[in-house]
Amino acid sequence: MVEHDSGAEPELTLGNTVATRAHKAERGPVFGDLVPALLTSMAARGHRVERRRITDDGARQGLIDALRGGAAVVVVVDTFYLDHYWVDRGRVHALHALTVRDFRPSDGTVRLVDAVDLVFADDRVPLSRLEPALLTSDIGQSWLRITEWGTDEAAADAGSAEELTAHADVLAGQGTDELSGVELALWTRDSLDELFALTPRLAKPEARSGTDDERRLVTRLMRGMWNYHHTLRWFARYLRAVPAGSTASRTAAAVERASQDWLAARSILLHSGLANPARTARYRDEVARRLDRVAGDLRAAGDLIGVHPEGPE
(Lines give C-alpha, C1' and ligand atoms only; values in the text may rest on other atoms or scores of the structure.)
Protein backbone atom coordinates (compact mmCIF):
# COMPACT_ATOMS: atom_id res chain seq x y z
CA MET A 1 0.00 0.00 0.00
CA VAL A 2 2.77 2.43 0.92
CA GLU A 3 4.62 1.66 -2.32
CA HIS A 4 1.45 2.35 -4.32
CA ASP A 5 0.77 5.57 -2.38
CA SER A 6 3.60 7.05 -0.32
CA GLY A 7 1.03 8.86 1.84
CA ALA A 8 -0.93 5.71 2.65
CA GLU A 9 -1.28 4.60 6.26
CA PRO A 10 -1.36 0.78 6.35
CA GLU A 11 -2.88 0.70 9.84
CA LEU A 12 -6.08 2.25 8.45
CA THR A 13 -6.52 -0.92 6.39
CA LEU A 14 -4.69 -3.66 8.29
CA GLY A 15 -6.02 -2.38 11.61
CA ASN A 16 -9.59 -1.95 10.40
CA THR A 17 -10.69 -5.24 11.93
CA VAL A 18 -10.76 -6.60 15.44
CA ALA A 19 -12.57 -9.83 14.56
CA THR A 20 -11.62 -12.85 16.67
CA ARG A 21 -12.76 -15.42 14.08
CA ALA A 22 -13.37 -17.69 17.08
CA HIS A 23 -16.34 -19.63 18.39
CA LYS A 24 -17.10 -21.75 21.41
CA ALA A 25 -16.30 -25.44 21.43
CA GLU A 26 -16.34 -28.08 24.14
CA ARG A 27 -12.58 -27.92 24.77
CA GLY A 28 -12.07 -24.18 24.45
CA PRO A 29 -12.23 -21.64 21.66
CA VAL A 30 -11.71 -22.72 18.06
CA PHE A 31 -10.24 -20.18 15.66
CA GLY A 32 -11.07 -19.84 11.99
CA ASP A 33 -9.30 -18.22 9.05
CA LEU A 34 -8.46 -14.54 9.61
CA VAL A 35 -7.94 -13.75 5.95
CA PRO A 36 -11.66 -13.20 5.14
CA ALA A 37 -11.79 -10.49 7.84
CA LEU A 38 -8.71 -8.86 6.32
CA LEU A 39 -10.23 -8.98 2.83
CA THR A 40 -13.40 -7.33 4.18
CA SER A 41 -11.27 -4.63 5.77
CA MET A 42 -9.42 -4.05 2.51
CA ALA A 43 -12.68 -3.95 0.55
CA ALA A 44 -13.93 -1.24 2.92
CA ARG A 45 -10.99 0.88 1.72
CA GLY A 46 -11.79 0.13 -1.91
CA HIS A 47 -8.99 -2.42 -2.45
CA ARG A 48 -9.80 -5.55 -4.47
CA VAL A 49 -7.76 -8.64 -3.70
CA GLU A 50 -7.22 -11.92 -5.53
CA ARG A 51 -6.61 -14.86 -3.19
CA ARG A 52 -5.57 -18.36 -4.27
CA ARG A 53 -4.90 -21.42 -2.15
CA ILE A 54 -1.52 -22.85 -3.03
CA THR A 55 -3.17 -26.26 -3.52
CA ASP A 56 -5.52 -24.91 -6.21
CA ASP A 57 -4.82 -25.96 -9.77
CA GLY A 58 -2.29 -23.60 -11.32
CA ALA A 59 -1.81 -21.58 -8.12
CA ARG A 60 1.90 -22.27 -7.84
CA GLN A 61 2.56 -21.19 -11.41
CA GLY A 62 0.21 -18.25 -10.92
CA LEU A 63 2.38 -17.05 -8.05
CA ILE A 64 5.50 -17.20 -10.21
CA ASP A 65 3.71 -15.46 -13.07
CA ALA A 66 2.51 -12.68 -10.76
CA LEU A 67 6.04 -12.11 -9.49
CA ARG A 68 7.48 -12.20 -13.01
CA GLY A 69 4.91 -9.58 -13.94
CA GLY A 70 6.27 -7.25 -11.29
CA ALA A 71 3.53 -7.64 -8.69
CA ALA A 72 4.11 -7.49 -4.96
CA VAL A 73 2.50 -10.62 -3.53
CA VAL A 74 1.51 -11.59 -0.01
CA VAL A 75 2.30 -15.24 0.67
CA VAL A 76 0.66 -16.94 3.64
CA VAL A 77 3.04 -19.67 4.78
CA ASP A 78 3.53 -22.25 7.54
CA THR A 79 5.91 -20.88 10.21
CA PHE A 80 7.03 -24.42 11.10
CA TYR A 81 9.20 -24.41 7.95
CA LEU A 82 10.07 -20.70 7.79
CA ASP A 83 13.82 -20.17 8.18
CA HIS A 84 13.84 -16.73 9.78
CA TYR A 85 10.82 -17.31 12.05
CA TRP A 86 12.75 -18.12 15.21
CA VAL A 87 9.70 -17.75 17.51
CA ASP A 88 7.88 -20.90 16.38
CA ARG A 89 10.03 -22.47 13.66
CA GLY A 90 10.02 -26.23 14.06
CA ARG A 91 7.51 -26.02 16.91
CA VAL A 92 4.08 -24.84 15.78
CA HIS A 93 2.27 -25.07 12.45
CA ALA A 94 0.83 -21.57 12.05
CA LEU A 95 -0.08 -19.36 9.12
CA HIS A 96 1.95 -16.18 8.73
CA ALA A 97 1.92 -13.52 6.03
CA LEU A 98 5.01 -12.23 4.21
CA THR A 99 5.44 -9.86 1.30
CA VAL A 100 7.56 -10.97 -1.65
CA ARG A 101 8.41 -8.82 -4.66
CA ASP A 102 11.15 -7.92 -7.13
CA PHE A 103 11.58 -11.38 -8.61
CA ARG A 104 14.98 -11.72 -10.31
CA PRO A 105 14.87 -14.43 -13.01
CA SER A 106 18.65 -14.59 -13.31
CA ASP A 107 19.07 -16.17 -9.88
CA GLY A 108 15.48 -16.99 -8.86
CA THR A 109 15.52 -14.63 -5.85
CA VAL A 110 12.89 -12.32 -4.41
CA ARG A 111 12.89 -9.57 -1.86
CA LEU A 112 11.19 -10.95 1.27
CA VAL A 113 9.73 -8.59 3.86
CA ASP A 114 8.33 -9.71 7.21
CA ALA A 115 7.01 -6.67 9.05
CA VAL A 116 6.33 -8.35 12.40
CA ASP A 117 8.77 -6.72 14.81
CA LEU A 118 9.81 -9.88 16.67
CA VAL A 119 10.94 -11.57 13.46
CA PHE A 120 11.47 -8.57 11.20
CA ALA A 121 13.20 -9.46 7.95
CA ASP A 122 13.97 -7.56 4.76
CA ASP A 123 16.25 -9.76 2.68
CA ARG A 124 16.79 -11.10 -0.80
CA VAL A 125 16.31 -14.87 -0.72
CA PRO A 126 15.84 -17.65 -3.27
CA LEU A 127 12.13 -18.17 -3.94
CA SER A 128 12.83 -21.88 -3.53
CA ARG A 129 13.61 -21.25 0.15
CA LEU A 130 9.94 -20.53 0.74
CA GLU A 131 8.77 -23.76 -0.89
CA PRO A 132 8.81 -25.86 2.31
CA ALA A 133 6.68 -23.28 4.12
CA LEU A 134 4.28 -23.12 1.18
CA LEU A 135 4.13 -26.74 0.11
CA THR A 136 5.22 -29.23 2.79
CA SER A 137 2.07 -29.03 4.94
CA ASP A 138 -1.50 -28.12 4.04
CA ILE A 139 -2.90 -25.77 6.67
CA GLY A 140 -4.34 -23.19 4.28
CA GLN A 141 -1.27 -21.64 2.65
CA SER A 142 -2.19 -19.16 -0.04
CA TRP A 143 -1.08 -16.09 -1.90
CA LEU A 144 -2.78 -12.76 -2.44
CA ARG A 145 -2.28 -9.72 -4.61
CA ILE A 146 -4.17 -6.47 -4.95
CA THR A 147 -5.80 -6.22 -8.36
CA GLU A 148 -7.43 -2.82 -7.84
CA TRP A 149 -6.45 -0.01 -5.50
CA GLY A 150 -8.95 2.04 -3.53
CA THR A 151 -9.39 5.77 -3.96
CA ASP A 152 -8.84 8.59 -1.49
CA GLU A 153 -12.62 8.86 -1.19
CA ALA A 154 -12.83 5.27 0.07
CA ALA A 155 -10.18 5.98 2.72
CA ALA A 156 -12.03 9.07 3.90
CA ASP A 157 -14.49 6.95 5.90
CA ALA A 158 -11.74 5.61 8.17
CA GLY A 159 -12.74 6.18 11.77
CA SER A 160 -16.33 7.15 11.00
CA ALA A 161 -18.87 6.88 13.81
CA GLU A 162 -20.46 3.90 12.07
CA GLU A 163 -17.13 2.13 11.67
CA LEU A 164 -16.07 2.72 15.28
CA THR A 165 -19.42 1.59 16.65
CA ALA A 166 -19.11 -1.65 14.71
CA HIS A 167 -15.62 -2.19 16.15
CA ALA A 168 -16.91 -1.54 19.67
CA ASP A 169 -19.49 -4.29 19.28
CA VAL A 170 -16.90 -6.74 17.96
CA LEU A 171 -14.68 -5.93 20.94
CA ALA A 172 -17.25 -6.15 23.69
CA GLY A 173 -20.65 -7.19 22.39
CA GLN A 174 -22.35 -10.55 22.70
CA GLY A 175 -24.92 -12.82 21.13
CA THR A 176 -23.39 -13.66 17.73
CA ASP A 177 -21.86 -16.91 16.52
CA GLU A 178 -18.40 -15.32 16.48
CA LEU A 179 -17.06 -14.50 19.92
CA SER A 180 -16.36 -10.86 20.73
CA GLY A 181 -12.97 -10.06 22.22
CA VAL A 182 -14.40 -9.99 25.74
CA GLU A 183 -16.26 -13.26 25.18
CA LEU A 184 -13.14 -14.89 23.78
CA ALA A 185 -11.04 -13.93 26.81
CA LEU A 186 -13.68 -15.16 29.25
CA TRP A 187 -14.40 -18.40 27.38
CA THR A 188 -10.67 -19.13 27.24
CA ARG A 189 -10.49 -18.49 30.99
CA ASP A 190 -13.46 -20.78 31.65
CA SER A 191 -11.84 -23.52 29.51
CA LEU A 192 -8.47 -23.54 31.28
CA ASP A 193 -8.92 -26.97 32.87
CA GLU A 194 -9.36 -28.47 29.40
CA LEU A 195 -6.57 -26.41 27.88
CA PHE A 196 -4.02 -27.25 30.56
CA ALA A 197 -4.87 -30.92 30.05
CA LEU A 198 -4.09 -30.52 26.33
CA THR A 199 -0.88 -28.48 26.33
CA PRO A 200 1.43 -31.35 27.49
CA ARG A 201 0.68 -32.92 24.11
CA LEU A 202 3.10 -30.40 22.58
CA ALA A 203 5.99 -31.92 24.53
CA LYS A 204 5.45 -35.40 23.09
CA PRO A 205 6.57 -36.65 19.68
CA GLU A 206 4.06 -35.92 16.94
CA ALA A 207 2.02 -38.92 15.92
CA ARG A 208 1.65 -39.99 12.31
CA SER A 209 0.30 -37.11 10.24
CA GLY A 210 -3.45 -36.77 10.46
CA THR A 211 -3.89 -39.02 13.49
CA ASP A 212 -3.00 -36.75 16.41
CA ASP A 213 -6.24 -34.86 17.03
CA GLU A 214 -5.20 -33.47 20.42
CA ARG A 215 -1.92 -32.06 19.14
CA ARG A 216 -3.70 -30.54 16.17
CA LEU A 217 -6.26 -28.96 18.50
CA VAL A 218 -3.67 -27.31 20.73
CA THR A 219 -1.48 -26.11 17.86
CA ARG A 220 -4.56 -24.57 16.25
CA LEU A 221 -5.29 -22.82 19.54
CA MET A 222 -1.72 -21.48 19.74
CA ARG A 223 -1.94 -20.27 16.15
CA GLY A 224 -5.27 -18.55 16.75
CA MET A 225 -4.06 -16.85 19.91
CA TRP A 226 -0.94 -15.62 18.11
CA ASN A 227 -3.02 -14.21 15.26
CA TYR A 228 -5.43 -12.45 17.62
CA HIS A 229 -2.51 -10.84 19.45
CA HIS A 230 -1.45 -9.22 16.18
CA THR A 231 -5.04 -8.29 15.33
CA LEU A 232 -5.19 -6.31 18.56
CA ARG A 233 -1.79 -4.69 17.94
CA TRP A 234 -2.80 -3.50 14.47
CA PHE A 235 -6.14 -2.28 15.86
CA ALA A 236 -4.30 -0.19 18.47
CA ARG A 237 -2.30 1.41 15.66
CA TYR A 238 -5.53 2.04 13.73
CA LEU A 239 -7.03 3.80 16.76
CA ARG A 240 -4.04 6.12 16.98
CA ALA A 241 -4.34 6.94 13.27
CA VAL A 242 -8.06 7.74 12.99
CA PRO A 243 -9.67 11.00 14.17
CA ALA A 244 -11.28 9.30 17.18
CA GLY A 245 -11.34 12.30 19.51
CA SER A 246 -9.78 12.87 22.92
CA THR A 247 -10.18 9.25 24.06
CA ALA A 248 -8.13 7.75 21.21
CA SER A 249 -4.90 7.49 23.19
CA ARG A 250 -6.61 5.86 26.20
CA THR A 251 -8.49 3.44 23.98
CA ALA A 252 -5.39 2.43 22.04
CA ALA A 253 -3.49 1.96 25.29
CA ALA A 254 -6.20 -0.36 26.63
CA VAL A 255 -6.12 -2.45 23.45
CA GLU A 256 -2.31 -2.58 23.52
CA ARG A 257 -2.35 -3.77 27.14
CA ALA A 258 -4.88 -6.43 26.21
CA SER A 259 -2.69 -7.61 23.34
CA GLN A 260 0.31 -8.01 25.65
CA ASP A 261 -1.64 -9.84 28.35
CA TRP A 262 -3.14 -12.09 25.67
CA LEU A 263 0.35 -12.88 24.37
CA ALA A 264 1.55 -13.59 27.91
CA ALA A 265 -1.37 -15.97 28.49
CA ARG A 266 -0.51 -17.78 25.27
CA SER A 267 3.16 -18.05 26.23
CA ILE A 268 2.35 -19.46 29.67
CA LEU A 269 -0.04 -21.99 28.14
CA LEU A 270 2.57 -22.98 25.58
CA HIS A 271 5.33 -23.46 28.14
CA SER A 272 3.09 -25.16 30.69
CA GLY A 273 3.22 -28.28 28.53
CA LEU A 274 6.97 -28.46 29.12
CA ALA A 275 6.91 -27.56 32.81
CA ASN A 276 6.81 -29.63 35.98
CA PRO A 277 3.16 -30.67 36.56
CA ALA A 278 3.50 -29.47 40.15
CA ARG A 279 3.57 -25.89 38.84
CA THR A 280 0.38 -26.21 36.80
CA ALA A 281 -1.83 -24.58 39.45
CA ARG A 282 0.44 -21.53 39.60
CA TYR A 283 0.50 -21.28 35.79
CA ARG A 284 -3.26 -21.66 35.59
CA ASP A 285 -3.88 -18.87 38.12
CA GLU A 286 -1.59 -16.51 36.22
CA VAL A 287 -3.27 -17.25 32.88
CA ALA A 288 -6.70 -16.68 34.45
CA ARG A 289 -5.52 -13.37 35.89
CA ARG A 290 -4.17 -12.25 32.51
CA LEU A 291 -7.37 -13.23 30.70
CA ASP A 292 -9.50 -11.33 33.21
CA ARG A 293 -7.36 -8.27 32.50
CA VAL A 294 -7.78 -8.78 28.75
CA ALA A 295 -11.56 -8.88 29.16
CA GLY A 296 -11.50 -5.76 31.34
CA ASP A 297 -9.33 -3.76 28.95
CA LEU A 298 -11.33 -4.77 25.87
CA ARG A 299 -14.59 -3.94 27.63
CA ALA A 300 -13.15 -0.53 28.59
CA ALA A 301 -11.98 0.04 25.01
CA GLY A 302 -15.44 -0.82 23.71
CA ASP A 303 -16.99 1.66 26.14
CA LEU A 304 -14.59 4.38 25.03
CA ILE A 305 -15.17 3.76 21.31
CA GLY A 306 -18.95 3.64 21.31
CA VAL A 307 -22.15 2.57 23.00
CA HIS A 308 -22.86 -1.16 22.99
CA PRO A 309 -25.01 -3.58 25.00
CA GLU A 310 -23.73 -4.76 28.36
CA GLY A 311 -20.95 -7.29 27.82
CA PRO A 312 -20.74 -10.78 29.29
CA GLU A 313 -19.73 -11.35 32.89
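D107 and R104 first: their side chains meet in a salt bridge, N to O at 3.1 Å. By salt bridge I mean a side-chain nitrogen of Lys or Arg within 4 Å of a carboxyl oxygen of Asp or Glu. D107 is partly exposed at 40% relative accessibility. R104 is partly exposed too, at 36%. The cut-offs, with a 1.4 Å probe and protein chains only: buried is under 20% relative accessible area, exposed is over 50%, partly exposed lies in between.

A word on the source. This is a predicted model, where local features need pLDDT of at least 70, side-chain atom pairs count only at pLDDT 80 or more, and totals for chains, interfaces and linings use all residues. Residues are numbered from 1 along each chain as its sequence is written, and side-chain values use heavy atoms, leaving out hydrogens and water.

Next pair: D122 and R111. Their closest N and O atoms are 2.9 Å apart, in a salt bridge. This one links distant parts of the chain: D122 sits in strand β7, residues 121-126, and R111 in strand β6, residues 109-114, eleven residues apart. Strands here are DSSP E runs of at least two residues, helices are H or I runs of at least four, both numbered from the N terminus. D122 has a relative accessible area of 35%; R111 has 28%.

Now E194 and R27. Their salt bridge is 3.4 Å, N to O. E194 is in helix α8, residues 192-198, while R27 is in the loop between β1 (22-23) and β2 (30-31), 167 residues away. E194 is partly exposed at 33%, R27 at 32%.

Last, a network: salt bridges link D261, E286, R289, R290 and R293. The total count is 18 salt bridges.
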